[in-house]
Amino acid sequence: MPFLDRLQRWADDRPDETAVVVAGEHLSWAGLRDEAAALVPAAPAITVLSEQNSARFAVAFAAAVAGERQCAVLDPAWPRQLQDGIMARIAGIAPPPGTAPSAVPGAVPGVAPGGAPAEALGTGLVDGPAGASFLIGLTSGTTSVPKAFTRSRRSWQESFDASIEFFGLTQDDRTLAPGPLAASLNLYALAECLYAGAEFHTLHHFDVGAAHAAVSHDGITRLVLVPTMLRLLSERGLAGGVDASGIRSIICAGSKLDARTLEAARRWAPNATIFEYYGASELSFVSGAGLRPGEPAEPGGTGIGKPFPGVDIRILDDRGAGLPDGSDGNICVRSGMVSNGYLWGDDGQALRCFDGWYTVGDQGYVSGGTLHMLGRRSDMIITAGTNVYPHEVEMALASVPGVAAAVAAGMADDLRGQRVVAGVVPSHGAVTATALKSGIEDVLARNKRPLEYFALTELPVTDRGKISRQLLLDWVDRNDPRIRRLG
């Protein structure tokens, strides 16, 4: 398995009920099963799926993982040259005995044709062996070919069982994941709903108005999205009077929620439990927490909850030795949800194992059973002998009233080695250095506080939309008009 046996069950028990909705297009459980089954005989050993969101995507994905098949999901927005490079690598992967790989998009949109004898892979819409790989996961696209890892069917089943228990997903829920299905967060949400027998909704592409319409008219009870989307939906929903009182849970991933986003989400969806979690594509779920309606939030904190069901967490040093509570180190996990490892791109650091404990290099500490996430070691600032992670500075600043977003970095300093500097985007009006300093006094240690503050007209981001701390330093260096020093 991971979900096809469940799909068969829901199609038998509730054939005419809705399984998937994409921008108003409905697909029933029986319709999804029958359309996917029709594609299985032509589906190859390895399918490369590069599709925009559509009902066809869900059908093609189900067919692509039937039997002993594997599927690689590519972001259709990636450059053609990048996609061609990935497909060339996948074409060279050794298939099961007696089969041949195929990774060339063909007549069936999004599905690679032919290449493997159907009898060797299975001709029915059934799950393959639990321990066999079914998904080739890809890290986010960069200028080079992304790293690729594999997941087994058993690892996803264990992930489903853990997330359904943790988030409280039921068959009565209607989940809206408005982002691209090529992203692991949304692809997992689709498969999780198919496993749980819950209705899944998405859009052709993210659009605030379309998402609000789904919330208002489709009875959405559950949102799965990243913080930037949640802020847009919440703030514009409040301004436009969009009723979100029917939403019972919000699952947010990608980064910890800043104070402004959290406040807006709680006002817009007052009956929702807001979940944050830490995980990685290679590790699956690690830890998480749910903030229930009316429950006070920890301002500026780095805590990201307690271990997921079935997950053990340890903080280890670079030799694999355990560290005491409160000490920073590698966040290491042991669970049945961890991936099988890399097909390519592993530099020996991407996924390390210390005697059964796995880490992707994220740094953090455990205090009172709660995991605190600090960020990647490569981002660390060393100032006067103190290790400072930009993430903890940014979370503290984001909790200050009047701050919409923050970014911190380490600037070269002859005396300290580096000094912490920070830029903030005001949420409204002006913001002063005095207000920022007083706002973080109770949430950030003195030796970790910025020595210089800047007001930004926008966040420094790369052409792929990721925050760039180096770009912040470049702006400071050249007195960029988008940045202004605060006295």
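Predicted model: local features only at pLDDT ≥ 70, side-chain atom pairs only at ≥ 80, totals over all residues.
Biologist: What makes the buried residues of H8 line one face of the helix?

Modeller: Start with who they are: Val208, Ala211, His212, Ala214 and Val215 are the buried residues of H8, which runs over residues 208-217. Looking down the axis of H8, you find them within an arc of 155 degrees, so they line one face. In general, an α-helix has 3.6 residues a turn, so residues three or four places apart point the same way.

Biologist: And what covers those buried residues of H8?

Modeller: The cover includes strands S7 (174-176) and S9 (222-225), along with helices H9 (227-240) and H10 (259-268).

Biologist: Now to serine 245, in the loop between H9 and strand S10 (249-252). Why is serine 245 called partly exposed?

Modeller: Its relative accessibility is 34%. Buried would be under 20% and exposed over 50%, so serine 245 falls in between.

Biologist: How do you know that a polar contact joins the side chains of serine 245 and aspartate 243?

Modeller: They are 2.8 Å apart at that contact, and the limit is 3.5 Å, so the pair counts.

Biologist: Which residues does serine 245 touch, leaving out those up to four places away in sequence?

Modeller: Pro270 and Asn271. Also, the C-alpha atoms of serine 245 and alanine 269 are separated by 5.3 Å, though the two residues sit 24 residues apart along the chain.

Conventions
Residues numbered from 1 in each chain as written. Heavy atoms only, no water. Buried < 20%, exposed > 50% of the residue type's maximum accessible area, 1.4 Å probe, protein only. Helix = DSSP H or I, 4+ residues; strand = E, 2+ residues; numbered from the N terminus. Arc of directions from axis to C-beta. Contact = heavy atoms within 4.5 Å. Polar contact = N/O pair within 3.5 Å; in protein donor to acceptor, adjacent residues only side chain to side chain.
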